[in-house]
Amino acid sequence: MDLALVVGLHLLHAIASLALISVGLAVIFGMLRVINFAHGEFLMVGGYAFVLSAGAGVNLWLAMLVIAPAVVGMLGYLVERLVIRQLRGDVIATILATWGLSLFLVGLAATVLGYHQQGVAPPFGTIQIGSYTIGIYTFFVIGVTILVILALFAWLRWSRAGLLVRGTMQDGELAAGLGADTVRIRSATFVLGSALSGLAGAVLAPLAGVLPEIGATYVVKAFITVISGGATALTGTTLAAALFGLTSQAAAFVSRPVVGEVALLVVAIALLRVLPTGITGRYFRKAL
Amino acid sequence: MNWLRDRTGLLGAGVAGAVLIAVVPAATEVYVQFELTLFLIFAILALSLAWVWGFGGILSFGQSAFFGLGAYTFAVAVINLGESTLPILLGVLVPALLAGLLGYFLFWRRISDVYLAVITLAVSLIFYYLIGASAGSQYRIGAALLGGYNGIPSVPPINVPGAPEQPLVYGDLYILTAIVLAIVYGGLRWLLATDFGRVVVAIRENEERAQLLGYDVRMRKLAVFVIGGGIAGLAGVLFAAWGAYVSPNVFSMTFTAQIIVWVLVGGLGTLSGAVIGCVLVQAVMTWLGEAKLADTNLVLGAGFVLLVLFARRGLVPGLRDLLARIRPPGRDPR
């Protein structure tokens, strides 16, 4: 019984982390269709913003929930303004430019901060379930993920700003014709996605630590999750995160963590062979 | 014949090839040839991407997977067999097979550029994780220990076919690599001039139209991808033999990025550009690494962004435009 509970928690945590690293990309790529290969580095910058400001004596929660999203949001604003907007939707050029940006950020972080791992001990301590010990922070990660996804969903579904964003994504010209400032809406959406990535990087930092190259471990998983999710970004990403989180964690349980990573990638490749337009390309089309 | 009509390019390539094969070995020290060999190996790898991406229109982030697989296949096979002829063949065939398998997943359903990019990237990462986790004596293929992130050391050199006691030393490996580069370059140019090559370019230009004209797009894309995978594998074989060493770093993101930079710097849609871009970028990187002025990622990344923003067409197409402007009008240099 205890074992089942612990295993269940681990599975939930795996799903939540995957959803968390993907949610910013779900906004930027899933909705805006901007391919941001520097997504992993956005998470990395968020992690550093949190770890460094917490290390400088700032309140832990202020650093995690405010400073990290704000810093990465600003970075996103600059990137959108200086790079993404200049390329005007040229897919290949955007892939390459953001990849260059990703290398640049890795190099910058390494030059300024060095190639060693930094971290903050997970707050809250641990809890005993039968003979198993589990960090309370695990519950926090699951809770934050659920909150972020619900809030994003509600905002998109019921707020006027969310309506404008959805309208711009669905038909930019029509939205512009109706008087929406689509350039600003796109920019703001990109900043929102960046800020969410910053938050994710900060929330995961106490567990994973931060180092300049950590983005590489996130970016492919995030892309695979969002792509496999398909056309309706938020629902699709959540579903795909659930599927892949389960698969990889289950594989990691029966074998080793590395097998879990590989299982995720293999399942994703096979899934795209069966459903080339992603999960929501066929099911749940009416969702968000 | 299109490729014979373009005399300037062919002449240039011929002269460059002759210099590489005949003049350089006589005029330089062995150490210089050793360094140059690496550049030429990377140039072969760059050609594989120039072919797959520039002419086939397939942006593959997986060339490093084929390169690495070629290197590992060769290393494992040559350690087990003690003779290099069959391992070289395997080092080309195994990556080509993987490309075929992958291509079946990629081209039989209409998967967009982005999906393709991510899936090929995922394949590289799978290898990176799997081989990285193979440390320990239980992970061995025959006599070859895979060695995890430490890689496989002391890979035996390439030998004269059928005579393991006659290995190719540095100068010989240089000449072999230069010849392979020339053959790959010439072979690709020939392929582009055939009907097959023309259809491939037609598919790149407009896939739907090519399909409506009755060409089997999937088969041709698959063939392009398999050929590209084989060439990358061959470069990997030479790489493992060159350094007598191979590690999972050949599957890393940085290495994959480098291949794309080479092709972009030289100019997409050209073969000579890939070679020139590769040698130029590698020379700069080597110099940066030795001078320790800045982090290579920093420089590579910044160069990449600026290149995409301001010089998207690359060196060789830019030079061609310049040449076309200098020449009297009325003649198309292509």
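Leaving aside its neighbours within four places in sequence, which residues is Ile44(B) in contact with? In this predicted model, where local features need pLDDT of at least 70, side-chain atom pairs count only at pLDDT 80 or more, and totals for chains, interfaces and linings use all residues, Ile44(B) is in contact with Val180(B), Leu181(B), Val184(B), Ile231(B), Leu234(B) and Ala235(B), contact being defined as C-beta atoms, placed from the backbone, within 7 Å. Residues are numbered from 1 along each chain as its sequence is written, and chains are lettered from A in the order in which they are written.

Ile44(B) is also one of the residues that touch the most other members of the largest nonpolar core, which has 196 residues. Such a core is a set of buried Ala, Val, Leu, Ile, Met, Phe, Trp, Tyr and Cys residues joined through C-beta atoms within 7 Å. A residue is buried if 20 or more other C-beta atoms lie within 10 Å of its own, exposed if 12 or fewer, and partly exposed in between.

Where the two chains meet, the contact takes 35 residues from chain A and 33 residues from chain B. Helix H4 of chain A gives the most to the side of chain A that touches chain B, with 17 residues, helices being DSSP runs of H or I with at least four residues, numbered from the N terminus.

Two loops hold a further detail. Arg33(A), in the loop between H1 and H2 of chain A, has a positive phi near 60°, and Ala244(B), in the loop between H10 and H11 of chain B, has a positive phi of about 55°. Most residues other than glycine have a negative phi.
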